[in-house]
Amino acid sequence: MSEAVLTPGVSRPSLAAAPRDFAASIVVFLVAMPLCMGIAIASGVPPEKGLITGIIGGIVVGALAGSPLQVSGPAAGLAVIVFELVRDLGLSALGPILILAGAIQLAAGVMKLGGWFRAISPAVVHGMLAGIGVLIVVGQFHVLFDEKPLPNGLANLAAMPGRLLGLSPDAGLGAAELAFAIGLLTIAGMLVWDRFKPATMKLLPGALIGVLLGTLAAFALGLPVARVNVPESIVGAIAPPEGLLTSWANPAILVAAVAIAFIASAETLLSAAAVDKMHNGVRTDYNKELRAQGIGNLLCGAAGALPMTGVIVRSSANVQAGAVTRLSTILHGIWILGFVALLPWLLREIPMASLAAVLVVTGWRLVHVGHVRALFASYGVLPALIWAATLITVVAVDLLTGVLVGIGLSLIEIVPHLRRLKLRVHASPQAEGHAIRLSGVASFLSLPKLSDALENAPAKERVELDVSELEAIDHTSAEMVRDWFRRRNSAGDMVSITGAGDRLPQLIA
């Protein structure tokens with residue numbers, strides 16, 4: 001992945017950066033449009049709900065975000081849990097849930113709890129995303145045939161062979177066969193474009209190419225396949241919730257709000273950490289980002305839209321396209337609003353199977369086996385086991401249970417050190433730079449403290465991290481230290497880790 005080099009400290013829109021931000025915003029807009037609609041459909045709600053979330057995420061959260069280059073909007077990571085909530089509690093419950101979830105996020109940001117969400121094990125996060133990816137693939141597989149997904153992941157998985165065997169080309173091409181063909185065309189267009197696109201057009205997203213191919217084929221041949229249904233006016237899609245106090249008296253609503261607040265915050269802040277690795281500009285203010293996400297989800301709840309998070313696919317497209325300030329994110333929200341307001345008829349020509357195809361590819365890419373291989377190579381079998389257990393539980397039971405199982409297994413790493421879990425951090429300036437000495441045990445429980453010490457080390461100075469007195473370190477903290485070390489090195493700073501030796505090889509691998 002390419003790395004953008006930004007001027008440190010630049011995050012506000014500026015005249016000099018405007019041309020690059022403008023160009024990047026167009027790229028992000030083209031990536032976001034099909035994803036906003038596809039994720040809404042995967043969540044069991046009308047596509048315009050996803051577009052409203054994209055607009056709020058761009059214009060409002062983009063202006064307030066603590067991670068200026070991160071793009072916020074509807075996320076595939078929440079599609080499964082939203083689908084289940086809408087199925088069990090009804091679409092009207094989504095507004096009260098999001099207002100409460102947004103308030104929880106806002107309060108967490110005000111109380112400066114943002115750093116704690118980074119303490120979630122990377123194995124849990126990658127396992128959660130892989131499980132979500134599997135659920136999206138097996139659910140959207142049925143939408144490729146213009147059929148609705150079944151109630152849960154295992155049912156969808158079990159029904160896949162029957163869906164394929166039900167195709168009957170010998171009896172003529174029916175609606176299901178035609179929809180499936182459009183879906184396959186969309187997938188082929190995406191994959192071929194991503195593999196062979198010319199260098200001069202490398203920023204044009206494969207999802208857009210695939211949807212264009214599917215839409216043009218369905219339109220030109222007049223195929224009787226299901227198409228996206230959006231209202232004439234985006235204002236008509238706004239549905240403020242009613243009976244908030246009554247809804248909040250329902251325990252199921254309260255549990256759902258806490259779950260969405262937790263998962264959305266974790267996904268957002270981990271995405272922000274990933275975005276920080278892509279550039280050398282302004283670092284994320286995690287508490288400010290959490291407050292911005294809270295305000296965004298409050299507004300999404302008030303509008304009856306989908307929940308939002310920071311999203312890595314659109315954010316990485318933003319950085320790779322050369323964005324310098326938050327203006328790019330804000331503009332992409334404006335472009336979505338303008339497109340939906342002026343060209344709703346064009347959206348109504350998009351086949352549902354094409355959007356399902358985009359989600360199938362997106363879900364497949366979430367099942368990134370390379371993540372678990374890297375965890376196994378660096379930290380041994382336990383993180384790989386955590387990843388697998390989280391994935392399987394997410395698919396077989398539900399998202400929240402999967403995350404809790406993963407976090408529970410993460411505790412195994414610190415069991416041998418339960419009596420001496422304290423981490424001591426000593427930071428002091430030296431004649432030739434800055435020194436940080438660690439002693440005790442570095443675990444995910446002390447990660448915010450460790451993160452603050454590393455991030456507060458002065459830039460453009462020599463920094464020495466002494467771990468000779470560190471008794472143990474879990475893979476969550478080790479991964480954070482390695483990321484910090486690589487980023488400082490890539491920025492040209494003189495950093496070194498001393499005292500690791502053979503005891504803590506994961507820090508210098």
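Visitor: Is the crossing of helix 9 and helix 16 right-handed or left-handed?
Guide: The model is a predicted one. In it, the axes of helix 9 (residues 206-221) and helix 16 (residues 352-366) come within 9 Å. The handedness of the crossing of helix 9 and helix 16 is right-handed.

Visitor: Is helix 9 roughly parallel or roughly antiparallel to helix 16?
Guide: The axes of the two helices cross at roughly 155°. Angles over 145 degrees count as roughly antiparallel. That crossing therefore makes the relation of helix 9 to helix 16 roughly antiparallel.

Visitor: How many charged residues has the contact of helix 9 with helix 16?
Guide: On the side of helix 9, the contact is made by A207, V211, G214 and T215. Helix 16 contributes S354, L355 and V358. By class, the contact of helix 9 with helix 16 has four nonpolar residues, three polar residues and, as for charged residues, none.

Visitor: How many of the 15 residues of helix 16 are buried?
Guide: Helix 16 reaches 21 Å from its first C-alpha to its last, close to the 21 Å expected at 1.5 Å a residue. Its buried residues are A353, S354, L355, A356, A357, V358, L359, V360, V361, T362 and G363. Helix 16 is largely enclosed by the rest of the structure, because the number of buried residues among its 15 is 11.

Visitor: Which helices do the buried residues of helix 8 pack against?
Guide: Helix 8 (residues 175-196) has 22 residues and reaches 31 Å from its first C-alpha to its last, close to the 32 Å expected at 1.5 Å a residue. Its buried residues are E177, L178, A179, F180, I182, G183, T186, I187, G189, M190 and W193. The packing partners of these buried residues are helix 7 (153-165), helix 9 and helix 16.

Visitor: By class, how many nonpolar residues has the contact of helix 6 with helix 18?
Guide: Helix 6 and helix 18 (residues 381-396) pack at an angle of about 35°, with their axes 7 Å apart, and their crossing is right-handed. In helix 6, A123, V124, H126, G127, M128, A130, G131, I132, V134 and L135 meet P383, I386, W387, T390, L391, V394 and V395 in helix 18. The contact of helix 6 with helix 18 has no charged residues and four polar ones, while the number of nonpolar residues is 13.

Visitor: Are helix 17 and helix 21 roughly perpendicular or roughly parallel to each other?
Guide: Helix 17 (residues 369-379) and helix 21 (residues 475-490) pack at an angle of about 100°, with their axes 12 Å apart. Angles of 65 to 115 degrees count as roughly perpendicular. Helix 17 and helix 21 are therefore, in relation to each other, roughly perpendicular.

Visitor: How many charged residues are in the contact of helix 17 with helix 21?
Guide: L375, S378 and Y379 in helix 17 meet H475, A478, E479 and R482 in helix 21. The residues of this contact divide into three nonpolar and two polar, with the number of charged residues being two.

Visitor: Is C36 buried or exposed?
Guide: C36 lies in helix 1 (residues 18-42). Not counting residues up to four places away in sequence, C36 touches P47, G50, L51, G54, P74, R314 and I336. Buried means under 20% relative accessible area. With a relative accessible area of 1%, C36 is therefore buried.

Visitor: Is K112 buried or exposed?
Guide: K112 is found in the loop between helix 4 (94-110) and helix 5 (114-117). Its phi is near 60°, a positive value in a residue other than glycine. Because its relative accessible area is 58%, K112 is exposed.

Visitor: What relative accessible area has D146?
Guide: D146 is found in the loop between helix 6 (122-143) and helix 7. Phi of D146 is near 60°, a positive value in a residue other than glycine. D146 is partly exposed, with a relative accessible area of 26%.

Key. Residues are numbered from 1 along each chain as its sequence is written. This is a predicted model: local features need pLDDT of at least 70, side-chain atom pairs count only at pLDDT 80 or more; totals for chains, interfaces and linings use all residues. Side-chain values use heavy atoms; hydrogens and water are left out. Axes are lines fitted to C-alpha atoms, for helices over the stretch in contact, and angles run from 0 to 180 degrees between N-to-C directions. Helices (H or I, at least four residues) and strands (E, at least two) are DSSP runs, numbered from the N terminus. Angles under 35 degrees count as roughly parallel, over 145 as roughly antiparallel, 65 to 115 as roughly perpendicular and the rest as oblique. A crossing is left-handed if the near helix is turned anticlockwise from the far one by less than a right angle, and right-handed if clockwise. Contact means heavy atoms within 4.5 Å. Ala, Val, Leu, Ile, Met, Phe, Trp, Tyr, Cys and Pro count as nonpolar, Asp, Glu, Lys and Arg as charged, and the others, Gly among them, as polar. The expected span of a helix is 1.5 Å times one less than its number of residues. Buried means under 20% relative accessible area, exposed over 50%, partly exposed in between (1.4 Å probe, protein chains only).
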